[in-house]
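Let me put the structure up, and then I'll walk you through a few spots in it.

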Amino acid sequence: MTDENGRSLIRVVGTNRDENRAFIYMARHFHALGLPVPELYDVSEDEMSYTQEDLGDLLLFDAIRHGRETGVFSEDEYTLLERTLRALAHVQVEGARDFDWNICFPVPAFDERSIRWDLNYFKYCFLKATKIEFSEPKLEDDFDHLVFTLLARETSGLYSLNEQSEWAFLYRDFQSRNVMIRDGQPYFIDFQGGRRGPTQYDVVSFLWQAKANIPQTLRNKLIDAYLDELKKLQPSLAESAWRAALPHFVLLRTLQVLGAYGYRGYFERKPHFLESIPLALKNLHELFEKNTELQTQYPYLYAISNDLLVLV
């Protein structure tokens, strides 16, 4: 649709008022700060619908198609990925300023409960659905250790349960299908699930997206670029601690993604998600093989990752 000024607009009708309210608040807050999100033009009185700026139809996912399909990313594709991660740092840090966390949906923070939701998603929606036998007590032991590690102040750098001044905006589902490209610049959409939490989670979600097929050498280069931008915004960033925590966030996100793929694939029978399961399992196996310390810290999850290779 277009308005009287010839602007292309999109009318959105939601199904959950609290989720809609979260998006409306976040979009207005980020846009007022000059961050790359769609502008809202009007909102219904009941907050169940709104009109927003049309950012076009080019997803970052499609803009990097050649790299995704071949594993070899062009200079232009790399530039888009780097611009996206540098813009993410601004949304995370600048977007968190004067932010009302109580508006977040469904929860205001990345905490023990939300971590365990992700882990249980993996256990019940993926692992049990595979019919592979496993020891629940041993699995829970590794889960407990992962929760403790992710919430430890010394491993998460910017993140602290007790020091709220160091919280950042956690996008939650930051991946290339939630980034639009207009005039060569990234714009962010579908951030209504955001909450306060650690910056690593979003970086991992983006760089380890199963179908993005980003090789580790390119991930490393993009992480360097992201941290270069983040340190401009947070000069006190403990980079060594941030990097040390990263593999643990990769583990959590990969398990959460497998839970999502299991639910959408095994239970809802959606082919797209079934096709993505082998890619995510390869990510999980590769993570353990390249990080031997994770094999020691999460021995049962490591054993399970090997057992699951029969599904690849």
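I'd like to begin in a loop: Pro 106 sits between α4 and α5 (112-130). Its peptide bond, running from Phe 105 to Pro 106, is cis, with omega near 5 degrees. Please keep in mind throughout that this is a predicted model.

Asp 98 is not a glycine, yet its phi is positive, about 55 degrees. As a reminder, most residues other than glycine have a negative phi, and most peptide bonds are trans. Is Asp 98 buried or exposed? With a relative accessible area of 76%, Asp 98 is exposed.

There is another aspartate to show you. Asp 183 is in the loop that links β5 (179-182) to β6 (185-188). Asp 183 has a positive phi of about 55 degrees as well, and again it is not a glycine. Its relative accessibility is 74%, so Asp 183 counts as exposed.

Now let's go inside. Leu 81 belongs to helix α4 (residues 75-93), and at 0% relative accessibility it counts as buried. Which residues does Leu 81 touch, leaving aside those up to four places away in sequence? The list is Leu 60, Ile 64, Phe 73, Phe 206, Ile 214, Leu 218 and Leu 222.

A quick word on cysteines. Cys 104 is buried, at 9% relative accessible area, and Cys 125 counts as buried too, at 15%. How many disulfides does a search of the whole structure find? The search comes back with zero.

Last stop, a helix pair. Two packed helices are described by the angle between their axes and the distance between the axes. For helix α11 (residues 271-290) and helix α13 (residues 299-307), the axes come within 9 Å and cross at roughly 130 degrees. The two helices, α11 and α13, are therefore oblique to each other, and their crossing is left-handed. On the α11 side, Leu 284, His 285, Phe 288 and Glu 289 make the contact, meeting Leu 301, Tyr 302, Ser 305 and Asn 306 of α13. By type, the residues of this contact are four nonpolar, three polar and one charged.

That's my tour; I'm happy to go back to any of these spots.

Notes: Residues are numbered from 1 along each chain as its sequence is written. This is a predicted model: local features need pLDDT of at least 70, side-chain atom pairs count only at pLDDT 80 or more; totals for chains, interfaces and linings use all residues. Side-chain values use heavy atoms; hydrogens and water are left out. Axes are lines fitted to C-alpha atoms, for helices over the stretch in contact, and angles run from 0 to 180 degrees between N-to-C directions. Helices (H or I, at least four residues) and strands (E, at least two) are DSSP runs, numbered from the N terminus. Angles under 35 degrees count as roughly parallel, over 145 as roughly antiparallel, 65 to 115 as roughly perpendicular and the rest as oblique. A crossing is left-handed if the near helix is turned anticlockwise from the far one by less than a right angle, and right-handed if clockwise. Contact means heavy atoms within 4.5 Å. Ala, Val, Leu, Ile, Met, Phe, Trp, Tyr, Cys and Pro count as nonpolar, Asp, Glu, Lys and Arg as charged, and the others, Gly among them, as polar. A disulfide is a pair of cysteine sulfur atoms within 2.5 Å. Buried means under 20% relative accessible area, exposed over 50%, partly exposed in between (1.4 Å probe, protein chains only).
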